[in-house]
Amino acid sequence: MASRTAPTYIDTLAFRNCDILEFGRWPYRSICPGGNINYFEVTNCSIHNADGEQEMFRFSQSIVEAVIVNNTFYNLPNIKAIFALTRVPDETSKMNLIFTFENNDVFVANAQTIPLLQFGQCAGMLSEYYINNNIILYPSWENEWNKALPEGTQPRIFSGSYGSVYASNNVMENFQPWTSGMQLDAEGEGAWLNYDEATGEVLGISDNMTMAEAHLEWSDFASCESGDFSIWNGHYLYTAGVEGACVGPRKLVHRCPESESLVLLQCRGVPVGQSDC
């Protein structure tokens with residue numbers, strides 16, 4: 001899906017319950033500056049097995065709200081970004097964006113320093129970014145889709161100017177510090193609104209975990225190389241998220257550690273196929 005020749009105005013653009021694979025370049029791309037999207041959503045999707053070398057969702061129009069929740073991204077060796085807000089016509093076109101990226105599994109073997117989530121100076125100064133309860137790891141296995149991380153390389157997760165960035169209870173390793181994504185202009189302006197210059201810390205970025213701190217090993221996933229990242233529901237991550245939520249996608253299919261089989265669970269009276277995690 002692409003917008004090339006004229007500004008695009010969309011009320012709601014949503015990808016829900018999709019299996020997206022083998023795309024050459026992008027599921028959505030807007031390259032003509034102008035227009036706006038009131039609401040953008042990607043939920044309950046599996047996006048994988050594609051070697052396109054562009055941004056997955058690229059926007060050249062302002063966005064009011066974007067929600068990317070409960071998805072799995074893997075086998076994407078050349079992707080430049082999952083979400084990229086690349087340009088808007090002028091300052092008056094910038095909107096204060098509410099961006100939510102939560103409960104996703106991200107296993108992307110892209111060693112580029114281009115951030116997975118990039119906003120530049122294209123969103124309003126009062127934008128808010130919520131990046132919580134995700135598993136963001138460079139794959140430990142090597143195959144045609146996943147190459148070894150070059151020695152000394154650290155990919156980035158986020159970049160942008162102004163706004164407030166809140167990122168908590170994520171499992172992440174081998175990525176650059178969050179503040180490496182704070183983009184300043186020639187005058188040194190553009191610091192995040194919740195950045196404390198005195199301490200160099202960002203108020204609202206806390207409780208992120210390494211694999212060791214999350215009691216997580218690669219063998220805890222059912223079968224990484226085949227794309228099954230389900231975890232036994234008694235694992236530490238099941239309640240390690242913000243306010244006791246689970247970390248990673250809210251799934252009701254989990255591996256039983258005793259039998260190595262898959263079981264369907266009914267959590268606290270919630271019918272199978274739904275979740276209250």
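## Exercises on a predicted model

In this predicted model, Phe 15 has Val 42 of β5 as its bridge partner.

**Exercise 1. Which strand does β5 join through eight bridges, and in what sense do the two run?**

Solution. 
- Start from the pair Phe 15 and Val 42, the latter in β5.
- β5 covers residues 35–43.
- Eight bridges join β5 to β2, and the two strands run parallel.
- In general, strands of a sheet pair through backbone hydrogen bonds, either parallel or antiparallel.

**Exercise 2. What is the strand order of the open sheet, and which strands are its edges?**

Solution. 
- The open sheet has seven strands, paired in parallel.
- Their order is β2-β5-β8-β11-β14-β17-β21.
- An edge strand here pairs on one side only.
- The edges are β2 (8–16) and β21 (205–206).

**Exercise 3. Over how many bridges does β14 pair with β11, and over how many with β17?**

Solution. 
- Take β11 (residues 98–102) and β14 (residues 128–132): they pair in the parallel sense over five bridges.

**Exercise 4. Is His 235 buried or exposed?**

Solution. 
- Find His 235 in the loop between β21 and β22 (253–255).
- Its relative accessibility is 11%.
- Buried means under 20%, so His 235 counts as buried.
- Now list its contacts, leaving out residues up to four places away in sequence: His 235 touches Ala 214, His 215, Leu 216 and Asp 220.
- A polar atom of the His 235 side chain lies 3.0 Å from the backbone oxygen of His 215.

**Exercise 5. Which aromatic pair is stacked, and which is edge-to-face: Phe 99 with Phe 101, or Phe 158 with Trp 192?**

Solution. 
- The whole structure holds 27 aromatic pairs.
- For Phe 158 and Trp 192, the values are 5.6 Å centre to centre and 75° between the planes, an edge-to-face pair.
- Phe 158 lies in β16 (residues 158–159), and Trp 192 in the loop between β18 (171–172) and β19 (195–196), so this pair ties together parts 34 residues apart in sequence.
- Phe 158 counts as buried at 3% relative accessibility, and Trp 192 counts as buried at 2%.

Conventions
Residues numbered from 1 in each chain as written. Predicted model: local features only at pLDDT ≥ 70, side-chain atom pairs only at ≥ 80, totals over all residues. Heavy atoms only, no water. Pairing = 2+ DSSP bridges. Helix = DSSP H or I, 4+ residues; strand = E, 2+ residues; numbered from the N terminus. Buried < 20%, exposed > 50% of the residue type's maximum accessible area, 1.4 Å probe, protein only. Polar contact = N/O pair within 3.5 Å; in protein donor to acceptor, adjacent residues only side chain to side chain. Contact = heavy atoms within 4.5 Å. Phe/Tyr/Trp six-rings, centres within 6.5 Å; stacked < 30°, edge-to-face > 60°.
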